[in-house]
Amino acid sequence: MPTQTLSAEFVNGAVCPDGRAKINYYDTAITGFILEVRATGGKTYALRYRDGHNRQCQHKIGDAKSISFDKAKRAAQMVRSRVVLGEDPAEERRTRRITPTLTELATEHYLPYVKGYKKSWDTDDSYLRNHILPRFGHHRLDEITPTLLGEFHHGLKAQGYALATANRMIILLRYMYNLAKKWGLPGSQTNPTAGVKLFEVNNARERFLTAEETRRLYDAIKQSPNPQLQYIVSLLLLLGNRKRELLNAKWEDFDLERRTWRIPLSKSGKSRHVPLSQAAIKVLEQIPRFENCPYVLPNPKTKKPFVSIFASWNTARKAAGLADVRMHDLRHTMASNMVNSGRSIYEVSRVLGHTQLRTTQRYSHLSQETLLAAVDAAAEATGTDWNASG
């Protein structure tokens, strides 16, 4: 183990003895600082030390052709200081090499995992492919910082994306990092999304169809060139379920005698049962069935669930003078009608399939007529003629 007071002059003249592949020269000033000289003429600076388990480790500093002796010496002093404080630079370097990129986390771990249980995994896939991975895909997990994510988050807002959409991308990343930590993937110990404040979003848009609007919409959908639209819209109004649940529904999940519809996999990730009103039963009995087709409301051309019904829906709602009504507002209307008929929030929550009652509060709209009737009833209960003069 030859020792030498390393210097720029020595490094320039150092050679590997004949008959040897390489030789290490140990510095007399900095413990563990070495110069490796190879028979090929290559020279490399490194620092050798023992880790917490008393194993000998070597941390490469750099090639002598690429880094000056003074810089190599300063680097060796810094690494040596870290070792004295109990750190393990070589292990950190190994960890960085095996730390996955965000693309690797998404494609090899996250998406294969959520495809097995998350019904909206394709939305996550879209966010990743179109927005997140083009920006951060080549970064390793420990290279993505709150600052970078904050710039990305506000950049989405500046580009005109809805605040809720920008928030969902941060929430998606947060979930991915949490899973990565659960799986023990290197680089996931710190979640960079924790330092990103979500935008305050007020999506509480109250739009409920009146009885007169419902009749206009019903007349319009019966005139639609899409023969299935009248049944789809009618059932959404009568059952209050989500659009995709109905478009994917199969006859085998309906029990018309017991008046129930079992949705095998709902948005919550669990199956649930939807009660069928007598009116819903009548609509279901009118729906034409297709031979060897298990779906309740398939596209008549493909016998598969509709990919989209927006075109026919958009035409019908405009024909009814209801261009501002979204298809999801039919679910709102169902909830509103239940509450205005005197049903409790708990009952509405069960029908809609919510896991938390507070979620139902948004749908449990009380019409102005109901509220006026309530205050009139309170006034009548006083037994006083408020029109009587003194």
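**Ground rules.** I'm working with a predicted model, where local features need pLDDT of at least 70, side-chain atom pairs count only at pLDDT 80 or more, and totals for chains, interfaces and linings use all residues. Residues are numbered from 1 along each chain as its sequence is written, and side-chain values use heavy atoms, with hydrogens and water left out.

**Patch.** I looked up a nonpolar surface patch and found Tyr113, Tyr117 and Trp183 making about 270 Å² of it. Patch members have over 30% relative accessible area and no salt bridge; like charges are joined within 9 Å, nonpolar side chains (Val, Leu, Ile, Met, Phe, Trp, Tyr) within 5 Å. A salt bridge here is a side-chain nitrogen of Lys or Arg within 4 Å of a carboxyl oxygen of Asp or Glu. Areas come from Shrake-Rupley with a 1.4 Å probe, and for residues only the protein chains shown count as cover. Tyr113 has a relative accessible area of 35%, so I put it down as partly exposed (buried is under 20%, exposed over 50%, partly exposed in between; 1.4 Å probe, protein chains only).

**Helix pair.** Tyr113 sits in helix α4, residues 102-114. Helices (H or I, at least four residues) and strands (E, at least two) are DSSP runs numbered from the N terminus. How do α4 and α5 run relative to each other? Their axes come within 11 Å and cross at roughly 175°, and the two helices are therefore roughly antiparallel. The axes are lines fitted to C-alpha atoms, for helices over the stretch in contact, with angles from 0 to 180 degrees between N-to-C directions. Under 35 degrees is roughly parallel, over 145 roughly antiparallel, 65 to 115 roughly perpendicular, and the rest oblique.

**Positive phi.** I noted Arg259, a non-glycine residue with phi near 60°. Arg259 is in the loop between β6 (254-255) and β7 (260-263), and is partly exposed at 35% relative accessibility. Asn292 also has a positive phi near 60° without being glycine. I found Asn292 in the loop between α11 (278-286) and α12 (310-319), exposed at 76%.

**Val196.** Leaving out residues up to four places away in sequence, I list Pro146, Leu149, Gly150, His153, Ile170 and Arg174 as touching Val196 (contact means heavy atoms within 4.5 Å). Val196 and Thr147 are 49 residues apart in sequence, yet 8.1 Å apart in space, C-alpha to C-alpha.
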